[in-house]
Amino acid sequence: MSAVVYEQREVRRARYAVAAVFAVHGAVTGSFATRVPWIQDHASVSAGQLGLALAFPALGASVAMPLAGGISHRFGARNALRGLIALWTLSLILPSFAPNLLTLCLALFVYGASAGMADVAMNALGVEVENRLGRSIMSGLHGMWSAGALIGSAAGTLAAHLGSDARLHHALAAAVLTVLGLVACTWVLDLQPAEDEEPPPRFALPPKSALLIGAIGFCAVFAEGASLDWSAVYLRDRLETSAGLAAACTTGFTLTMAVARIAGDKVVDRFGSVRTVRASGVLAVLGGLLIVTAARPAMAMVGFALMGLGIAVVVPLCFAAAGRSGPNPSQAIAGVATITYTSGLVAPSAIGGLAQATSLVVSFGLVTVLACGLAAFAGGLRAGDRNRPKVAPQAARVPDPRP
């Protein structure tokens, strides 16, 4: 067997391993989201206090994500991801044990910090695998995250239906997901820094190369957060639908995003990141226009589905472009992730505040305007396309140099 063939097999195995890590990461999120009502009751917090507490995961992630590069530099990419994914899965236990608002905020801060650091580490490894394969895989990896979130939420829905204690549910889920995450990390790429490579700073502002890429991600995540949190409310309050139909709209939006991400890599390989994001922006804008002009629920549901299709692949492509935009992929990815997490933090409250002052139609008009930014700023991903390496078609025929 030639050395090149052996390396290609190792890279393909690493691709499946990091995909499994993405799925585990998503499953933690899905497991938590379905038990928020139980956690609210256990901590005895009001709806307003819960809203405050739910801002802490994004705050913790934004503070901690710049640390991920230094951790990977010190311990190596594989060991760093192994530790960070275990920290993330085990942090699932904390919120359900919080007895009051203060402890819930602290638990969610740790939960978000571990999520953000693991997010940066696994995206950096995903970009490296993509570079070595010479074709797009980041959209599919984020599709695996969405699939994991759906599986986690389905298990959580069953646990809630059975009336199980969230502390027990999350302890069991954390144990299973920790084992799965650690096993998957066995086969990810074991990247080590060069001996003369300087460690990244502990805290640093996003590099200039990440700012435009981050702006594209900001627009996409704003639309995602607004649609996830407010689509059901929009159908119920604006179009006077039943609660079941309103919930189905949100589920449809989530499924549309998952399917589009899993299928998105072939589109990116054929058309490139820039043209894909421009077309995605057009779809998102069309979806937004259908939402704000909808006179019937079906029209709005189609609009939210188009919105999901339009934004599905944008964030994965932003992470991929960031990882190829400069000499320190982890720092660039952390910068883009910080900007996008900030968008996720701002979007739900911004939509709610604007709706309170005006209407939900105006709120989703803002989402539509921001979706225009996807098409307008898509050129910022061009460097990522230029720097994507190509696989030599005859590489597998190179003879093995080993004795």
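Reader: What is the mean pLDDT of the protein?

Author: The mean is 86. Of the residues, 89% reach 70 or more.

Reader: And where does pLDDT stay under 50?

Author: Over residues 391-403. The model has 15 contacts beyond four places in sequence for that stretch. Where pLDDT is low, the predicted coordinates should not be read in detail.

Reader: Fine. On to the core. How many residues does the largest nonpolar core have?

Author: It has 107 residues. Phe364, Leu374 and Leu381 have the most contacts inside it.

Reader: Which helix gives the most to this core?

Author: That is α8, with 16 residues.

Reader: Back to Leu374. What does Leu374 touch, not counting residues up to four places away?

Author: Ile216, Cys219 and Ala220 are among them.

Reader: Now Thr276. Buried or exposed?

Author: Buried. Its relative accessible area is 7%, and the cut-off for buried is under 20%. Thr276 lies in helix α12, residues 243-293.

Reader: What does Thr276 touch, beyond four places in sequence?

Author: Val267, Val268 and Phe271, plus Val313 and Leu317.

Reader: Switching to α5. Which of its residues are buried?

Author: Ala68, Gly69, Ser72 and His73, in a helix that runs over residues 67-75. They cover an arc of only 135° around the axis, so they sit on the same side of α5.

Reader: Why does that spacing work, in general?

Author: An α-helix has 3.6 residues a turn, so residues three or four places apart point the same way.

Reader: What covers the buried residues of α5?

Author: The cover includes α4 (56-64) and α6 (77-91). It also includes α8 (101-133) and α15 (329-357).

Reader: And what follows α5?

Author: Gly76 does, with a positive phi near 90°.

Reader: Last one, Ala173. Which helix is Ala173 found in?

Author: Helix α10, residues 166-185. Ala173 is buried, with a relative accessible area of 15%.

Reader: What is Ala173 in contact with, leaving aside neighbours within four places?

Author: Ser31 and Leu92.

Reader: How far is the C-alpha of Ala173 from that of Leu90?

Author: The two atoms are separated by 9.0 Å. Along the chain, Ala173 and Leu90 are 83 residues apart.

Technical notes:
Residues are numbered from 1 along each chain as its sequence is written. This is a predicted model: local features need pLDDT of at least 70, side-chain atom pairs count only at pLDDT 80 or more; totals for chains, interfaces and linings use all residues. Side-chain values use heavy atoms; hydrogens and water are left out. pLDDT is the predictor's confidence in each residue, from 0 to 100. Contact means heavy atoms within 4.5 Å. Helices (H or I, at least four residues) and strands (E, at least two) are DSSP runs, numbered from the N terminus. Buried means under 20% relative accessible area, exposed over 50%, partly exposed in between (1.4 Å probe, protein chains only). The arc is that of the directions from the helix axis to the C-beta atoms. A nonpolar core is a set of buried Ala, Val, Leu, Ile, Met, Phe, Trp, Tyr and Cys residues joined through side-chain atoms within 4.5 Å.
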